[in-house]
Amino acid sequence: MIECIEQEVCRLCGADDFHPVINMGQMPPANGFRDTDSDDERYFPLEVVVCGSCSLVQLKHTVSREFLFSDYPYFSADSGSSPHFESYAEMLRDRYLDDGDLVVDVGSNDGGLLACLDDDVGRLGIDPAENTAEAAEDRGITTVTEFFDGETAESVRETHGSADVLCANNVVAHIDDLHGFLTGVDELLAEDGVVVIEVPYLLDLVTETQLSTIYHEHISYFSIESLTNLLGKRDLVLTDIERLDRHGGSVRVHARRSSAADGESRQVTNLRALERSSRLNHPDTLDRFRARAERKRQTLRDLVIDLADGNRVVGYGASAKGNVLLNYCDLGPEHLEYIVDAMSAKQGTYSPGQNVPVRAPEAFRDSHPDYALVLAWNYADAIRDQETDFVDDGGDFVLPTPMADIR
Ligand code: ZN
């Protein structure tokens, strides 16, 4: 199996015109929690570049998905009746769905979104991970366990008909073969259907210096400009955009075939203008991003090293994002005693690269550390609400972002 290939040309437009964005060096896979702290671990280059021709920001290397996703210990944090999926489903019903329509969710995970829709519409998930597909089937969501491409889409269309709504949430950014995905969309989408895609938003990544969004699984980092170029390859046009604060800042774009679209919303026009005025792809903007990244790295590293001298410091939240930060800042078990995480599959493992042991929340409550570095800072408020005893006992939280600080 080839584990890592260097990309010679742009995944979207094929141009040989890459410019550097940031090079994070050699990194282990960010979700590669390990059962022991001694077995061999693979490191791969993590370098982000921008295509000068179509403006797609992307990784310079592709680590094979079989390597990254085999035995993937992740269930959607949104399983059950999450408010996010409830409001998403409500939006689909209000804007697009009639009785008998078919909704297809690409990268459906355990069926969290589809389960929020009533069965007066057809609901079909597509997801290659067998364990999560089983969980979806258990809640009544039919799931095709394949990677999504032209072939899968054709067989789905023959069996279930065309999709009136095709959703892809936090999946397009993970796809190396963008053209395979587009072929699938083109194959499966009804003539008057709508595609709804959620991706982390490049403008938020750059303006807020969100380094920890960058890891091998996230291959593309989309702007409205590059999404427009992507969808345009199959004559799909943006009709609307919502900005969401998920994953540090995401966009949910709505698109239709140009023959079925009647113009773009004011939100689309406004975001295009904002990207132009922010000079998002300009070398000066990216140089400043790199400089901020270095400052962020140094500030967090200095603070944690300082605190760990004479205090007990732990990490909170064994997240992929957190692993990126620990590896980028080179913070390990000599600085963090352990990382606490509520997910039982991660407890007893060691974090990739730095080998910090992962423990259950009870360990945190029993051991009274002095500082907790919040590695899942997108859940910082929830963690604070949950761990009032820690603060009452004199403990302090350290937030790594936007700049490391005790808060
Ligand atoms: Zn390109």
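Student: Okay, why is S223 called buried?

Tutor: S223 has a relative accessible area of 1%. Buried means under 20%, exposed over 50% and partly exposed in between, using a 1.4 Å probe and protein chains only. So S223 counts as buried. Bear in mind that this is a predicted model, where local features need pLDDT of at least 70, side-chain atom pairs need 80 or more, and totals for chains, interfaces and linings use all residues. Residues are numbered from 1 along each chain as its sequence is written, and side-chain values use heavy atoms, with hydrogens and water left out.

Student: Where is S223, and what does it touch?

Tutor: S223 sits in the loop between strand 11 (220–221) and helix 7 (224–232). Helices here are DSSP runs of H or I with at least four residues, strands are runs of E with at least two, and both are numbered from the N terminus. Leaving out residues up to four places away in sequence, S223 touches S55, Y201, L202, E275 and L280. Contact means heavy atoms within 4.5 Å.

Student: What makes the arrangement around the zinc ion tetrahedral?

Tutor: Start with the protein donors, which are the SG atoms of C10, C13, C51 and C54, lying 2.3 Å from the zinc ion. Donors are N, O and S atoms within 2.8 Å of the metal (3.2 Å for Na, K and Ca), and water is not among the atoms, so sites may look incomplete. Four donors count as tetrahedral if all angles lie between 85 and 135 degrees; four count as square planar and six as octahedral if opposite donors are over 155 degrees apart and all others between 65 and 115, and anything else is irregular. The four donor atoms subtend angles of 102 to 115 degrees, so the arrangement is tetrahedral.

Student: Now helix 4. How do you know that its buried residues are on the same side?

Tutor: In helix 4 (residues 150–160), the buried ones are G150, T152, A153 and V156. They cover an arc of only 160 degrees around the axis, so they are on the same side of helix 4. That arc is taken from the directions from the helix axis to the C-beta atoms. On the other side, E151, E158 and T159 are exposed.

Student: What do the buried residues of helix 4 pack against?

Tutor: They pack against strand 7 (122–126), strand 8 (142–144) and helix 5 (178–188). Just after helix 4, G161 takes a positive phi of about 90 degrees.

Student: Why are D235 and H368 called partly exposed?

Tutor: D235 has a relative accessible area of 47%, so it is partly exposed. H368 is at 47% too, so it counts as partly exposed.

Student: And why is V106 called buried?

Tutor: V106, in strand 6 (residues 102–106), has 2% relative accessibility, so it counts as buried. The C-alpha atoms of V106 and A168 are separated by 4.9 Å, though the two are 62 residues apart along the chain.

Student: Last one: how do you know that the chain agrees with a compact globule?

Tutor: The globule rule is 2.2 Å times the number of residues to the power 0.38, and the radius of gyration is taken over C-alpha atoms. For 407 residues a compact globule would be near 22 Å, and the chain has 22 Å, so the two agree. Buried residues make up 54% of the 407 residues.
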